[in-house]
Amino acid sequence: MTARKGEQRPAATLPVARVLVDVPLAHLDRPFDYLVPEQLDEVAVPGCRVRVRFAGQQVDGFLAERVAESEFTGRLGFLTKVVSAEPVLAPEIAALARAVADRYAGMMIDVLRLAIPPRHAKVEAEPPPEPAPLPRAPETDGWRRYPRGPAFLDAVRAGRQAHAVWQALPGEDWPVRLAELAITAAAGDRGAVLVVPDYRDVARLHAACVALAGDDAVVALSADAGPAKRYRRWLSVLRGGARIVVGTRASVFAPVHRPGLFVVWDDGDDLHADPHAPYPHVRDVLIQRAHAVGASVVVAGFARTAEAQLLVDSGWAPEIVASREELRAASPRIVSLGETDLQLARDPAARAARIPSVAFEAARAALADGRPVLVQVPRGGYVPALACQQCRTPARCRRCAGPLGLPPGRPGADAGVPTCRWCGAPDTAFKCGTCGSRRLRAIVVGAKRTAEELGRAFADVPVLGSGASEVLSTVEARPALVVATPGAEPVADGGYGAALLLDGWALLGRADLRASEEALRRWMLAAALVRPGRDGGRVVVLAESSLTPVQALVRWDPVWHARQELGAREELGFPPAVRMASVDGPAKALATFLEELELPASGEILGPVPLGQEGEKERALVRASRAEGRALAAALSTAQHMRTARKEPDPIRVRLDPLELV
């Protein structure tokens, strides 16, 4: 039968395309069937980008697969357009996206938006690169410092699935160690994905991999590369040009061929948690991906999270740690406030002083030895937070109720005038609303003010800053004071002579479930940059010596601290001992959502409680046992489907296992 003029005919073979349409409604989170017109038969390949007509509008989508028949009994529409014949959605990534969406009670199309970068037509037209030759297996003597290191490398070399939690020694050249793991996998014709928190870590790890395997074998994927360059690199991985991927959190979905090794460095860093729905965490995505494809996983870092400790305690991932002898040889000498009576006798005001004499002595000794000194300050700015001198109530702006701070003096501006950090309005006549006092005090002293104070104390030494406005990557091996905020500490050639970890109370006193764990992680990242104690390296942490994270730092025992944290959370019923979801939205909509939520047997609702000062929104916590974690995610997803099917106007945000709970 011949078709009438202008009438479309379906393709002769596999005429039905299953399309994942890009629509924001949870109850439509499934493939929809369309017919493939015969003129698009050759280019409509599984994994390509398409456009289809959906609910009267043209929308984007991905062609998941082609089949012979559809289960839909109505009339099927045709594909409108094949945007690109490039099969960007690999079957493995499609399966992973579905699994991640189900785990986090989200939508598959949201995961695909994180996994597949935007198209760049000019880059797609470029010829595919030649596959890089197999690299030679590298020397791995550095792993002999860890008793279980060689055995894990043997498993990676043989292509066997093995998991590990690696505790790096202080001062360890971790980019080289991870590069050796990746190239060992690549030498066996297996792919490797190495995920690190930020672009500075990407640069270090990429350079280490290139030094061992060559430039063609490794690609770096991070947001700072720009859309065209990033898409070109991503396509080279998809087309089989490179076997090793180094990148930030989005690279967790990199479509490497025959993946054999996945690594996440410093899994406690909050940059590993994606801020976009469905808010997946790199560590959990890599574990899911490794389970699906039979690859190995390494969770690595100087510190250890409670989640990593759970992997060890459950037997899923043995730990790779060094002996205490190796640890003592590599660690700097770490001291804290009040650790000995002699220290307090020499400086009775040490607990009250911001920088006591023991810290000044460590800095002077390092500078005299020709080494730089690292000063870690928890907050940037000058004096970023002020409070009433009398009652300690945080100082608020009379105009917008924002927090008052003290900006640094600028040419043409009044120095020392309290200014709102939200609206920028100065407040020259502050009066406390609680007690009526007009006097202010600093809650936290920022990095800029600290640099000024140290510059006066060490007038003959340059003071360098590393923070939000300008982050240094490296510093030279010469006397200098480097004032940095957590995460912005530059690497010193040959290591720092000393590190001063200021205002420990500001990190430990946060109203956060992970405050203790996060403080120890930040301290260890800074202390790991210091020379060993046998070479004169010293670390002074300005926090009370009796506190658990301080004790863990002084002994360099993150494993002990992680066990303590995990035990406490198991007792209290907090993640990772349970699966917990944070659900927030307008009060009325949230109440309806919670009423319709069909929880598993172990399910429990905590709250809701008001969010913010206005109280228009509320938040509830929903938890269940780990065994019923999938059921909890399914229940939350079903409740969302019911809301969007009814076209409820108020949005409800669901986040499973969020980093911040309180």
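This is a predicted model: local features need pLDDT of at least 70, side-chain atom pairs count only at pLDDT 80 or more; totals for chains, interfaces and linings use all residues.
Asp 189 is partly exposed, with a relative accessible area of 33%; partly exposed covers the range between buried, under 20%, and exposed, over 50%, for a 1.4 Å probe and protein chains only. You will find Asp 189 in the loop between helix H5 (174-187) and strand S7 (191-195). Helices (H or I, at least four residues) and strands (E, at least two) are DSSP runs, numbered from the N terminus.

Residues are numbered from 1 along each chain as its sequence is written, and side-chain values use heavy atoms, with hydrogens and water left out.

Another aspartate to visit is Asp 657, in the segment after strand S28 (653-656). Asp 657 is not a glycine, yet has a positive phi of about 50 degrees. Is Asp 657 buried or exposed? With a relative accessible area of 19%, Asp 657 is buried.

Now let us turn to the peptide bonds. Ala 277 and Pro 278 are joined by a cis peptide bond, with omega about 5 degrees. Pro 278 sits in the loop between strand S10 (259-265) and helix H8 (282-293). A cis bond also runs from Gly 607 to Pro 608, where omega is near 10 degrees. Pro 608 belongs to strand S26 (residues 604-611).

Next comes a pair of helices. Two packed helices are described by the angle and the distance between their axes. For H15 (residues 515-527) and H17 (residues 558-572), the axes come within 11 Å and cross at roughly 165 degrees; these axes are lines fitted to C-alpha atoms over the stretch in contact, and angles run from 0 to 180 degrees between N-to-C directions. H15 and H17 are therefore roughly antiparallel to each other, a term for angles over 145 degrees. Ser 516, Glu 517, Leu 520 and Met 524 of H15 make the contact with Pro 558, His 561, Glu 565 and Arg 569 of H17, where contact means heavy atoms within 4.5 Å.

Finally, how many disulfides does the structure hold? There are 0, a disulfide being a pair of cysteine sulfur atoms within 2.5 Å. Cys 48 is buried at 0% relative accessible area, and Cys 209 is buried at 0% relative accessibility.

Note on methods
Angles under 35 degrees count as roughly parallel, over 145 as roughly antiparallel, 65 to 115 as roughly perpendicular and the rest as oblique.
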